[in-house]
Amino acid sequence: MLVVGSGGREHALATAIAASPHVDRLFVAPGNGGTVEHNVALDIENHTAVRRFAQVNNLDLVVIGPEAPLVAGLSDHLRERGINVFGPSAAAARLEGSKEFSRAFAERVGIASPRYAAFDNAVEAISWVDAADFDVVVKADGLAGGKGVTVTESRSDAVNAIEECFAGRFGDAGATVVLEERLEGTEVSLLGFCDGHTVSVMPPAQDHKPAYDGDLGPNTGGMGVFAPTPAVPTEALGKLAEEFLEPAVAALAADGSPFVGVLYAGLMMTDDGPRLLEYNVRFGDPEAEVLLPLLETDIIEVMGASVRGRLHELPVRWSNNACTGVILASGGYPGEYTVGIPIEGLDTVNDDAFVYHAGTTIEDDQTVTAGGRVLCVSAVGPTLEDATERAYASVANIGFEGSFHRRDIGRLNGVNTKANDPYAAAGVDIAAGHEAVDLIAAAVRATHDERVLRGIGAFGGAISLVGLPDDAVLVASTDGVGTKSLLGAAHDRWEDLGRDIVNHGINDVLVQGARPLAFLDTISAQKLDPSIVERIVTGMADACLLASCPLLGGETAEMPGVIAEGAVDITGTMLGVASAARLLPRSVAVGHVLIGLSSSGPHTNGYTLIRNAVGEHEGADIDALLAPHRSYLKVLGRVLHDDLADALVHITGG
């Protein structure tokens, strides 16, 4: 056996195939960090090299996982040399290789689809948008790695997407643009094994392509999936196969291009009935990672029957359980991201979960990231709820710097929330909040040490208290930057404002005899600018590092109608720890020595008065006014350690 590909789909295929008693030897080309024991260094774009490898190793079957080799004709090259292949011909693979061909094919066969048109220039495409009385979806015609589709919210969104396609953002895939009517409803993945004539349908799955919770944010290759989905009742599955899979297979056979492999119909379950979004010509990724764990029939028997045209003779059995898969992605995905980051916790995954590697490799005996979608953690359970909770329980054990994942996979009950998103209607951009979190993740985690048990991405931070004195007392203080933020915004000094709020919190717990233990923040605005959030949190992280105080986490909030346009409110909570016997203040009496420590400036309070006094005065010393709030931790650390003070006062505000 040879599995061609390197993603999570191929790891899932390799896992299922290796478990079959029919398999003596398994190769994966090129594979990833999860298939390392089977990997072979083979250039899968070199069809001659793949064919020679198959012949030299006397392979019985080649399974082609991804779409690109199928569209490029690898299966044809191998079949012409007498090598068995599970995967369609290049002619049949045009269903995925060209959005324009696929739409015309569906129209000819009579498959329910949205209204559409194809264009090879921007002017005509934009004119079609202007004439349409509905929102549109913009698609690059060819293969674009799952990123060539833009679901638009407005005319300007559509125009930008069209111009990006023709500007070459998706390479040759964008030479033709397909515009489609935007459909609303729940998206369902309907897959079936095919032998050229017969279709054996799989349990319906629900994939979530948007990057962020609630089906918001940019489209990705898929951030999580579950099967079966309650959006398709069991009694409706056969009818969907009759409407969307079987007619396509019959038409391809009549055209002289019999389809052998997995045919995947992406459907939108609208109020007017199901509609075809797209065809794929292979197992979905991540659909494979939840469907294959549910397959009870030996996968080699299924593939063998498909290749021999005898699928109708084989009853394909599926488990009655459910399976949920959650994708762990690199920070910045689907945009730019960093690779080579060590992955921790892979050996602590629960026994009832499967970890499928997608974008990983091995460096110096360490599994590291090598892609945008890094891992898919799947788990099987008797119900969807059970499967979902088991998957997330294992996700909690795995981590790498900058990683993120959606928290609502399997928890949406089959409903697409984007269509009726109340946040967007209220003027809140959830995607901007998620983008901000992605940008700040690295800075926040840089402040963490072994004490931090839960940080950014959790609903609440958690820090260990092991090693603290028996009489340890937690001291908390909450405050804000206040009016100074207006001055900082006017002069683009966001990092300094971040330092301000941390140092203010440090001083507030110092005067109670406590040292800083952890800090949490809140950044609020009428409309969040992720780049500004990143700069503020970078300043916070710098101050926290100097104080050996983890930035445990925080909150970003868009508050239209509450906060003035352009204003940013920055608040924070500092958690400190002190010995109960040394809590300050203690008794103060005549005869105590009073010592004053010079400040760096007005700190973060009194700026309403200062702004009224200074106004727009040209002689105002802006650098002095915006000097970061001084932290007195260094100068007072020894004083507290040696118990030399009976009281401390942090002079702020009035």
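This is a predicted model: local features need pLDDT of at least 70, side-chain atom pairs count only at pLDDT 80 or more; totals for chains, interfaces and linings use all residues.
Visitor: How many aromatic pairs turn up in the whole structure?
Guide: The search gives 10.

Visitor: Take Phe 193 and Phe 283: what makes that pair edge-to-face?
Guide: Two values. The ring centres are 5.9 Å apart and the planes meet at 85°. Pairing needs centres within 6.5 Å, and edge-to-face needs planes over 60 degrees apart. Both conditions hold, so edge-to-face is the label.

Visitor: Where in the chain do those two Phe residues come from?
Guide: Distant parts of it. Phe 193 belongs to strand β9 (residues 186-195), while Phe 283 is in the loop between β16 (273-280) and α10 (288-291), with 90 residues separating the two. Both are buried as well.

Visitor: Why is the pair of Phe 193 and Trp 318 called stacked?
Guide: Look at the planes: they are 20° apart, and the centres are 6.3 Å apart. Stacked means under 30 degrees, with centres within 6.5 Å, so the pair qualifies. This link also spans the chain, from Phe 193 in β9 to Trp 318 in the loop between α11 (299-307) and β17 (322-329), 125 residues away.

Visitor: Are Phe 193 and Trp 318 buried or exposed, and what settles that?
Guide: The limit for buried is under 20% relative accessible area. Phe 193 has 0%, so it counts as buried. Trp 318 has 18%, which also falls under the limit, so Trp 318 is buried too.

Visitor: Which residues make up the cluster that includes Phe 193?
Guide: Phe 86, Phe 193, Phe 283 and Trp 318, linked by ring pairs.

Visitor: What about Glu 10, a charged residue: buried or exposed?
Guide: Buried. Its relative accessibility is 3%, and the cut-off is 20%. Glu 10 is in helix α1 (residues 8-18).

Visitor: And what makes the link between Glu 10 and Arg 9 a polar contact?
Guide: Their side chains come to 2.6 Å, and the limit for N or O atoms is 3.5 Å. Neighbours in sequence count only if both atoms are side-chain atoms, and here side chains are what is joined. Beyond its sequence neighbours, Glu 10 touches Val 3, Val 4, Gly 5, Gly 65 and Pro 66.

Visitor: Why are β11 and β18 said to stand at the edges of their sheet?
Guide: The sheet is open, with five strands in the order β11-β14-β17-β21-β18, paired antiparallel. β11 (206-207) and β18 (353-357) each have a single partner strand, so one side of each has no neighbour in the sheet.

Visitor: How do you know that β11 really pairs with β14?
Guide: Pairing takes at least two bridges, and β11 and β14 (residues 224-227) have two, in the antiparallel sense. Across that pairing, Asp 207 faces Val 225 and Gln 206 faces Phe 226. On to β17, β14 has four bridges, again antiparallel, with Val 225 opposite Gly 325.

Visitor: What makes β14 a strand covered on both faces?
Guide: Gly 224 and Phe 226 are buried on one side, and Val 225 and Ala 227 are buried on the other.

Visitor: Why do the buried residues of α20 count as lining one face?
Guide: In α20 (residues 633-641) the buried ones are Leu 633, Leu 636, Gly 637 and Leu 640. Viewed down the axis, they fall within an arc of 130°, so they line one face. In an α-helix there are 3.6 residues a turn, so residues three or four places apart point the same way. Lys 634 and Arg 638, on the other side of α20, are exposed.

Visitor: What covers the buried residues of α20?
Guide: The cover includes α16 (494-510) and β25 (515-525). After the helix comes Asp 643, with a positive phi near 55°.

Definitions and conventions:
Residues are numbered from 1 along each chain as its sequence is written. Side-chain values use heavy atoms; hydrogens and water are left out. Rings of Phe, Tyr and Trp (its six-membered ring) pair if their centres lie within 6.5 Å; planes under 30 degrees apart count as stacked, over 60 as edge-to-face and the rest as tilted. Buried means under 20% relative accessible area, exposed over 50%, partly exposed in between (1.4 Å probe, protein chains only). A polar contact is a pair of N or O atoms within 3.5 Å; within protein, one must be able to donate a hydrogen and the other to accept it, and residues adjacent in sequence count only if both atoms are side-chain atoms. Contact means heavy atoms within 4.5 Å. The arc is that of the directions from the helix axis to the C-beta atoms.
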